[in-house]
Amino acid sequence: MDGVVLALGQGFNGLSVASLYLLAALGLALSFGLMRVINMAHGELLMLGGYIAYLVMKAVPGTAGLLLALPAAFAGSALVGAAIEAVLIRRLAARPLDTLLATWGLSLILQQAARNIFGPIGVEVRAPAWMNTAVSLGALSLPTTRILIIVLCAVLLGGLALLLTRTRIGLLVRAVNQDRMMAAAVGIDVRRVDMVMFALGSGVAGLAGVALGLLGPVTPTVGQSYIVPAFLVVVMGGLGSITGSTVAAVILGLFSAMVQIFVDVSVSQVLMLVLVIAFIQFRPQGVLAPRSRALDA
Amino acid sequence: MHQFPKGVSRRMAILLAATALVGCSKDSGPVKVGVLQSLTGTMAISEVTVKNAELMAIEEINAAGGVLGRQLEAVVEDGASDPVTFSQKAAKLIESNKVVTVFGGWTSASRKAMQPVFQRTNNLLWYPVQFEGNECSPNIMYSGAQPNQQILPALDWAVAQGFKNYFLVGSDYVFPRTANLILKTHIADRKLATAGEEYVPLGGADFSTVIAKIQAAKPDIIFSTLNGDSNVAFFKQLAAAGVSTTTLPVMSFSIGEQEAQAMGPQLVEGSYAAWNYFQSLDTPENKAFVAAYKKKYGETAVVTDPMVHGYVNVYQWKAAVEKAGSFDPTAVRKAAVALADGPSPMGGVKFAPNQSLVQTAYIGQLDAAGQFKIISKSPTPIQPEPYDRLAFPGKTCAPA
């Protein structure tokens, strides 16, 4: 009986971890799918979202603060993302290795900046008191925070799906994604689409940062601990595919939660890497292969 | 063989006299000591305050006339939270700056990286932090608690409270692993139960599974050797899962006044910690020490166990130098273990022959202000045991 409860609880924890991985990975999937750019500073956009949430909720405590923090973190990270795109990535996009190095350097600079401003020790985002409760389902108790993060992730996924399939910018994004040259040839402002998409991906990272802040401390290196799982999700999902990333995040989240019933966290991380490597051996294109000319070159 | 011309010997005599004069002036000039802590990087938050305490002791000693009539000159170096840097800076202090001794180190990794340097140069390191034992180098004075001076007294206290079922959670590195090995052995020896043992990587922030396992195992108390920011995530997620520190007590070995302050005291209020010093210790020596520190570093400054150990180290070194009548590291360490029990902010202390400190263990409970209410102390100062008798039978420190 205890075993069943633990397994069910771990199923829930797995979904909760999956939604965190997915929140962290969505922005990467968007920018990679569209621009074939690997943004090593993505984790620092998460961190930025976390610190914005900390500042907003320090000024306005309680539920109102949280409701303010979400758009503020989205906007803040999106703005910084747009700036990164305009100043750095746009100029280096043709040289993938340079982008990798430049964004990595940027990631180090942003980490040190956070260390100088907020100090090396983590700051705590004070969640509204009602979130520090758990919902009881029989013998199971599910923390409210984690339920909310799963909901946030689901809403965001739905929103992104609507945006990509039902709006004009979504149409443009899909066009650029499928064939950049052709899209440019028919008069789509490819660079503006790039920038909007990169900013959107960065904004999503900011929201992920708020979610992380609700669970743990926000530190200058908080992005680093999620960037590796996020890359794993993007790689396993099929580079650039949002549906693929979602499936991959759920697989990895559930896998790590279930494996942790038997081994400790350190070992489970090793096993997760082994799983992804083995998966890529058999299905190099990922869960869902994106149909895109962007990856042809 | 004919004799040297007179002029030459006269010139030599002058040269000799000049050398003696230079030597003489050197002997009355300041003597250099090294202070080596992380001033940057992830450990800086903890180590900068230890540096402050060590420098305060050096200044106090200088103001009172120095050591053997000579002023001290502190050479401060930054270990940068990186073991390799610690070993390079230790070599630099000893070989270029010619320091007679070094106060410093925090993580076991930094200590282990510096140890070969001190052995090669036959210099002496004064290490201020509690650690996992299992080491005794003649070139290190270990003033921080051995496992039997912090972890086992905490277990004694918990057993006396009637706790029977223990859950061990820690960061994944040498100190928690060794501490928990010792704890498990002693828990089994007392016919009590270890409900579970879990590790998360250093800096890990996801405790969903660990907390699920804790809820499934239903322990009486949690013993935590989590380090740094992981503590915030752990306490936060514990509270969010509906587990409060009043229904399930947590005993931490890495949360001091400063960590509690930085994490937000309300988050850890009511939880327990075991140390050899608390800022709230009610003795005249401690009150004077806390007042002096606050005067120098600000009213809001807090004082922690490793800081006091750093401060005590400097004074123990001074006493040992004066007893030996020399700054020679070998003479100093031999004199240090022969000193009488002396007063300090943490009570009476003295170094045992194994170069670890004899000290009292205290159990405290955190209040809403991030200070500890002392609820228990060991009846007498505890002799340090680098090798636990049950977990590592038959191993002892070879007399240095």
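## Where the chains touch

Chain A puts 30 residues into the contact and chain B puts in 29 residues, with two residues counted as touching if their C-beta atoms, placed from the backbone, lie within 7 Å. On the side of chain A that touches chain B, α1 (2–35), β2 (140–143) and α11 (265–282) of chain A each supply at least two residues. Helices (H or I, at least four residues) and strands (E, at least two) are DSSP runs, numbered from the N terminus.

Sorted by class, that side of chain A has 11 nonpolar, 16 polar and three charged residues. Here Ala, Val, Leu, Ile, Met, Phe, Trp, Tyr, Cys and Pro count as nonpolar, Asp, Glu, Lys and Arg as charged, and the others, Gly among them, as polar.

This is a predicted model: local features need pLDDT of at least 70, side-chain atom pairs count only at pLDDT 80 or more, and totals for chains, interfaces and linings use all residues. Residues are numbered from 1 along each chain as its sequence is written, while chains are lettered from A and ligands numbered from 1 in the order in which they are written.

## The sheet in chain B

Chain B has an open sheet of five strands, in the order β2-β1-β3-β4-β5 and with parallel pairing; strands pair if DSSP finds at least two bridges between them. β2 (72–78) and β5 (140–142) of chain B sit at the edges with a single partner strand each, so one side of each has no neighbour in the sheet. From one strand to the next, the twist averages 20 degrees.

At the β5(B) end, β4 (residues 125–127) of chain B pairs with β5(B) in the parallel sense over three bridges. B:Leu125 stands opposite B:Ile140 in β5(B).

## A helix across it

Helix α3 (residues 83–95) of chain B lies across β1 (31–37), β2 and β3 (102–104) of chain B, and runs at about 175 degrees to β1(B). Axes are lines fitted to C-alpha atoms, for helices over the stretch in contact, and angles run from 0 to 180 degrees between N-to-C directions.
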